[in-house]
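Here's a quick briefing to keep open beside the model. Take a look at the structure first, then we'll go through it topic by topic.

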Amino acid sequence: MRPRDASGDVDTAAWRSTMCPYCGVGCGLLVQVRDGRVTKVRGDPAHPANLGDICAKAVHLPPILGTADRLRHPQIRVRRGAELERVPWELALRFTADRMREIITAHGPDAVAFYASGQLLTEEYYLGSKLARGFVGTNNFDTNSRLCMASAAAGYARSLGSDGPPASYQDIDLADCFLLLGTNTADCHPVTFKRIRRRKLQAPDDVTVMVVDPRWTETADLADLHLSLRPGSDIALLNAMLHVLWREGLLDTRFVAEHTTGWEGLRAVIERYPPERGAALTGLSREVIVTAALRFGRARAALSLWSMGINQSHVGTDKNAAIINLHLATGQIGRPGAGPFSLTGQPNAMGGRETGGLAHLLPGYRLVSDAAARAAVERHWAIPAGRLPSTPGRSALEIFEGLARDEVRAVWIMCTNPAASMPDLDLVEKALRQAELVVVQDAYHPTETTRFADVLLPAAQWPEKDGVMTNSERRLTYLPKLVDPPGEALPDAVILTRFAHEMGWKEAFPCASTAEIFDEFASLTAGTVCDYSGVSHVRLQADGPVQWPVPAPDHPGTTRLYTDAVFPTPDGRARFLVVEHAEPLESPDASFPLVLTTGRVRDHWHTLTRTGKSPALASRTPEPILEVNLGDARRAGIQDGDFVEVTSRRGKVVAQCRVSAAIREGTCFLPFHWGRQAGFYKSANNLTLSGRDPVSHQPELKACAVRLRRVAEAIT
Ligand SMILES: Nc1nc2c(c(=O)[nH]1)N[C@H]1C(S)=C(S)[C@@H](COP(=O)(O)OP(=O)(O)OC[C@H]3O[C@@H](n4cnc5c(=O)[nH]c(N)nc54)[C@H](O)[C@@H]3O)O[C@H]1N2
Ligand SMILES: Nc1nc2c(c(=O)[nH]1)N[C@H]1C(S)=C(S)[C@@H](COP(=O)(O)OP(=O)(O)OC[C@H]3O[C@@H](n4cnc5c(=O)[nH]c(N)nc54)[C@H](O)[C@@H]3O)O[C@H]1N2
Ligand code: SF4
Ligand SMILES: [Mo]
């Protein structure tokens, strides 16, 4: 059926199907193009991820695509202190290649680092990873997924033997118990949330929704149980729930015996987490913990969904393990409606993991430390045996710390805005000031990061280029090019290819179509957990989206992983991991008595380079608002609407506050969308700390100690 416009008339303009460039729900969109411009966006009823649903961010895409601050021409700064000047592409890339060669010659390949993004297309990621690892010769290729999904990726790998969310959106329609942890699904994965709500409203008495979050959110509004725990105490809650299930005989002992290892070791620890102790550590009541456990344990099909409240923690990987422990103990995995199911943040953070977008990975979920994996990739790339470096490269924060210490000299940043989104911005700015070469490849200028560029490369953005993305449920969608990029902007894949040519690697980086680049990558996944060697651009265009693994062209795709309860570990069994409660890295004290947690609002996307330019979206949340609990406000002499200075050990923010009982006492919340360009003292990352999880290297963006003080008015 043709879409109709507001008046109900059938619209005659061409509507093309593609995928949304924002969140990991990965909704299919129908896009109307008139006179070479995107004019309207709707949900695509034929796309299985959203079945026609859509959220406001996607509806308001058209006005942000061609704004005056689109970056249209390459620019370089010949020396520090000089102005950026416009140059032809050839010159910009030759300048970059010359500087890179100098730095590699003087300091070795590990003096160079690439910092990419979960918003790149699969083909772009793949080329970046290949260029850095196979040709520059460094594993310093990391992405903003390090701030986002690294703990989930590490969590799956440790417990199940491999990364890869096992469940599907279909499972939402089949589950009767939802455990939502550290996810404000209503605001951040709105279309997934609507599906959960539909399921709940369909059978309100049979379906339980539990939300674990120190804040009351729109998501919590749907919940039968809102567990407003102390920030960082999720492991104590999950261990105590497991304790109750064990005591009550609600474990699936057959599943545990046949398909897992490590239960006895974990049980000894779980014994020490009776609900009373869980209550003391989480600040929840004993009764609510017992109720939550029993609801989970008695469910026919339990689905756990989680996001940054779990991952962005110094024990993020352990929090993931604690969730998976619960599912393994109850056999709630690999069955319809059941499973641990991380909600991916960015539209193609999944594709990034598949192509090797973290410093310890090679394409196809391979590890750089695995000699056989390196050999397979070396053959595929036709590079000499032994060429690929075997030690993991620097993770995101380590890249910037390396720059600040002169251990890294050059950084190439593409499709991410670290000078707004990283913790402890003073350190990031120092790193960028001190670097010998900063290359930034973005669609807009200025951003907080482009200001530091020596080389500024204009990138085509959605939908000015074509390629593939993988959403949260392992589903690949082809995104066609629908309009031309502005000025001289080029697709990221073309920029990387041309740079490779300047470096003299023409044969390995032919001027291939994105379809050919995709094929080169997809064939490299053959035989791996994320095998999609049976997929091609042609197939995706003809048959629509498909879920991996897809090991052959006639394979229909895979709804659920582990339906046979065989896991990709050496013995085929999933692993129970012993995890213990740990306090956040910075505990509140007399000088900094509150815990600040940071996150998102419904109508903005990350660092505002896009949603900030939509009048409709920006007017709904024009400024950052600090959420403060009533009791804390009273003690600090603060009233609703006051301007408040928030101070941590690293910096300050000034924001107007909303005082309510919605947030847990002792905790306050600030959205992180506003970078220093919006106003120096608006940036939540002035306050956050760069302490991180030792396994996933993901920073603890969800807890730092702060104090509040009322101020007369905003400082900007
Ligand atoms: N509107 C919008 N949607 C987005 C994005 C966006 O920028 N804007 N970004 C996308 C991306 S990349 C991501 S990663 C996702 C993020 O999606 P979410 O993770 O849902 O978003 P956040 O607001 O970062 O954090 C979620 C919740 O974690 C809670 N929390 C804080 N500390 C803890 C804790 O210790 N335990 C628990 N259980 N909860 C805690 C916070 O109160 C918050 O409500 O959203 C995606 N979707
Ligand atoms: N305090 C705090 N900090 C956080 C978080 C938090 O919860 N709290 N969350 C973290 C998380 S989960 C994430 S994912 C990060 C996100 O942080 P970032 O990745 O830094 O945020 P974005 O604003 O999405 O940056 C994307 C950049 O790419 C540009 N761009 C858009 N399309 C294209 C393209 O096609 N090609 C190129 N080359 N550029 C393009 C945009 O203009 C923008 O500058 O923030 C992290 N930071
Ligand atoms: S829910 Fe996510 S993917 Fe779907 S339309 Fe909204 S931002 Fe786009
Ligand atoms: Mo994210």
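What volume does the largest pocket have? It comes out at about 770 Å³. Keep in mind that this is a predicted model.

**The largest pocket**
- The largest pocket is lined by 32 residues, and those closest to its centre are Asn184, Asp187, Glu218, Val601 and Arg602.
- H6 gives the most to the lining of the largest pocket, with four residues.
- Sorted by class, the lining of the largest pocket has 14 nonpolar and 14 charged residues, plus four polar ones.

**The second largest pocket**
- Next comes the second largest pocket, with a volume of about 520 Å³.
- Its lining takes in 27 residues, and Ala157, His360, Leu361, Tyr365 and Leu367 are the ones nearest its centre.
- At least two lining residues come from each of helix H4 (150–160) and strand E15 (366–367).
- H4 has the largest share of the lining of the second largest pocket, at five residues.
- By class, the second largest pocket is lined by 14 nonpolar, seven polar and six charged residues.

**Around ligand 3**
- Which residues surround ligand 3? Cys20, Tyr22, Cys23, Val25, Gly26, Cys27, Cys55, Lys57, Ala58, Pro190 and Val191 do.
- H1 and H6 turn up again here, each supplying at least two residues of the shell around ligand 3.
- That shell has nine nonpolar residues, one polar and one charged.

**Helices H7 and H11**
- Two packed helices are described by the angle between their axes and the distance between the axes.
- For H7 (residues 234–247) and H11 (residues 286–298), the angle is about 65 degrees and the axes are 9 Å apart.
- The crossing of H7 past H11 is right-handed.
- On the H7 side, the contact uses Leu237, Ala240, Met241, Val244 and Leu245.
- On the H11 side, the partners are Ile289, Val290, Ala292, Ala293, Leu294, Phe296 and Gly297.
- By class, the residues of the contact of H7 with H11 are 11 nonpolar, one polar and no charged.

Definitions and conventions:
Residues numbered from 1 in each chain as written. Chains lettered and ligands numbered in written order. Predicted model: local features only at pLDDT ≥ 70, side-chain atom pairs only at ≥ 80, totals over all residues. Heavy atoms only, no water. Axes fitted to C-alpha atoms, helices over the stretch in contact; angles between N-to-C directions. Left-handed = near helix turned anticlockwise from the far one by under 90°. Contact = heavy atoms within 4.5 Å. Nonpolar A, V, L, I, M, F, W, Y, C, P; charged D, E, K, R; others polar. 1 Å grid on protein atoms, 1.4 Å probe; cavity = no way out; pocket = protein on both sides within 12 Å on 5 of 7 lines; lining within 4 Å. Points joined across faces, edges and corners; volume = space filled by probe spheres on them. Near = heavy atom within 4 Å.
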